[in-house]
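I opened the notebook on this model to look up confidence, annotated regions and pockets, in that order.

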Amino acid sequence: MFLAAGFIGAAALLVGGLLGPKRAGATKLAAYESGVPASGNARERFPVHFYLVAMLFIIFDIETAFFYPLAVKFKAAPEFLFAQAILFVIILAVGYLYILRKGVLNWK
Amino acid sequence: MDPPVVTFLKALLLCLVLLGVFAYMTVIERRILARMQNRLGPNRVGPLGLLQPIADAIKSIFKEDIVVSAADRFVYYLAPFISITFALSAFGAIPAGPADSLFGFDPWIVDLDIGLLYIFAATSIGVYGIFLGGWAANSKYALLGGLRSSAQLISYELGLGFSALTVLLIAGTLNLREIVDLDLWAVHPLLWLPLAVAFVTFLISGIAEVNRTPFDLPEAEQELVAGYLTEYSSIKWALFQMAEYVNMLTVAAVVSTLFLGGWRGPALLDGLIPGISRWPLVWLILKMALFMFLFIWLRATLPRFRYDQLMRFGWIYLFEIALGAALVTGAVIAFVI
């Protein structure tokens, strides 16, 4: 599947790169900045919110990764596993409430 | 199980079909939007505008393929490649009929025991395509657009993951073929409510995951230029668009597979035409078409979220409701059934 899909993607890039006019100029290749000359480049500081969201995503995505095997094998011992899941959720809920109260998820 | 050569050919065929569907979806979407806004939509190129996607494709291939001078060349090319490759790959695990029903071949590409995880993983890698695309061009607008898109995508992936938990609890397997074979809604009436809630949260997260209105912040062209697409032209831009539409198709297919019985049709119709509920392809395509229409309908109806509303909605409401549905399901299975 990857092979076929990768083949299509590469072929499309190649065809697109080969066909079509090649009339590049300094102005045409400049970064977009509403028409005025670009000031500085884009490698500068951006809001820390994105970093926090990425970090929270990692934490809660690991939570889903823990839940999946638990859900798939849930019928093996439902009451026991349910208690385990509740405990796990409570621990994470404490962290979740903490980030809520800290206002991490309030943008601006 | 098919021989590898057949699998490869099927994969190639599926990719081409998906791209063809993408091409016609653009026209269908424009025409339906036009109808909803009381106008006609593209109807000049060919009968009913049916040659429009071909004209668009030829135009976009012959456009000048610009590489912005400040860009990181390798990553600039890599990003659309990642986007389209993994968008196409994700579709391979969706079953479209019972085994051996497609002219003696299986109507799926791969039958993975972890099919659902595979689809989530493939769509997550698509986020790299978007973020790297925004980063590579070395333009402030593209960078911020890419950051916003990737933050939105990863936030709503949690909603997807937790909504799927409800299905997994009931089905007890990650194999999409087995999930379809089992009739989720027939298990126990007490599970209908959490299933319905999970269905809605999954659908909403799915819509956000493919940047459709009301979650189309990344391409809020009046606010952010064009987000991560700002510096892309020609075929590379088209590849990002393709990836987005293919992702829409994948979301439609996954929602129907998980919650609506996938390729199985209503058993009631078997009385009229024997075996019609087990025809391959037909029902899956019908269900996907239904969801695609829903996406277009929403686009014509709803205004866009603000970014802070979007993040709060994803992290607070969707997340908690989806987790709550999963916990209720667990409780019902543990203490009632």
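Before reading off any helix content, I note that helices here are DSSP runs of H or I with at least four residues, numbered from the N terminus. The model is predicted, and I began with chain A, where the mean pLDDT is 79 and 81% of the residues reach 70 or more.

I then looked up the UniProt record, an unreviewed entry, which lists residues 50-68 and 80-99 of chain A as "transmembrane region".

Next I turned to the largest pocket, whose volume is about 1400 Å³ and whose lining of 48 residues has B:Phe22, B:Thr26, B:Trp237, B:Gln241 and B:Tyr245 nearest the centre. H1 of chain A and helices H1 (4-36), H2 (52-61) and H9 (234-259) of chain B each supply at least two lining residues, and H1(B) gives the largest share, 11 residues. I sorted this lining into 26 nonpolar, 9 polar and 13 charged residues.

The second largest pocket holds about 700 Å³ of space, and among its 29 lining residues B:Leu14, B:Val17, B:Phe91, B:Leu281 and B:Ile285 are closest to the centre. H1 and helix H10 (282-301) of chain B are the elements that give two or more residues to this lining, with H1(B) giving the most, 9 residues. I sorted the lining of this second largest pocket into 26 nonpolar, 1 polar and 2 charged residues.

How values were computed
Residues are numbered from 1 along each chain as its sequence is written. Chains are lettered from A and ligands numbered from 1 in the order in which they are written. This is a predicted model: local features need pLDDT of at least 70, side-chain atom pairs count only at pLDDT 80 or more; totals for chains, interfaces and linings use all residues. Side-chain values use heavy atoms; hydrogens and water are left out. pLDDT is the predictor's confidence in each residue, from 0 to 100. UniProt positions are given in the numbering used here, feature names are shortened, and annotations may be inferred rather than shown by experiment. On a 1 Å grid over the protein atoms alone, a cavity is a set of points where a 1.4 Å probe fits but cannot get out, and a pocket is an open set with protein on both sides within 12 Å along at least five of seven lines; lining residues have an atom within 4 Å of a point. Grid points are joined across faces, edges and corners, and a volume is the space filled by probe spheres set on the points. Ala, Val, Leu, Ile, Met, Phe, Trp, Tyr, Cys and Pro count as nonpolar, Asp, Glu, Lys and Arg as charged, and the others, Gly among them, as polar.
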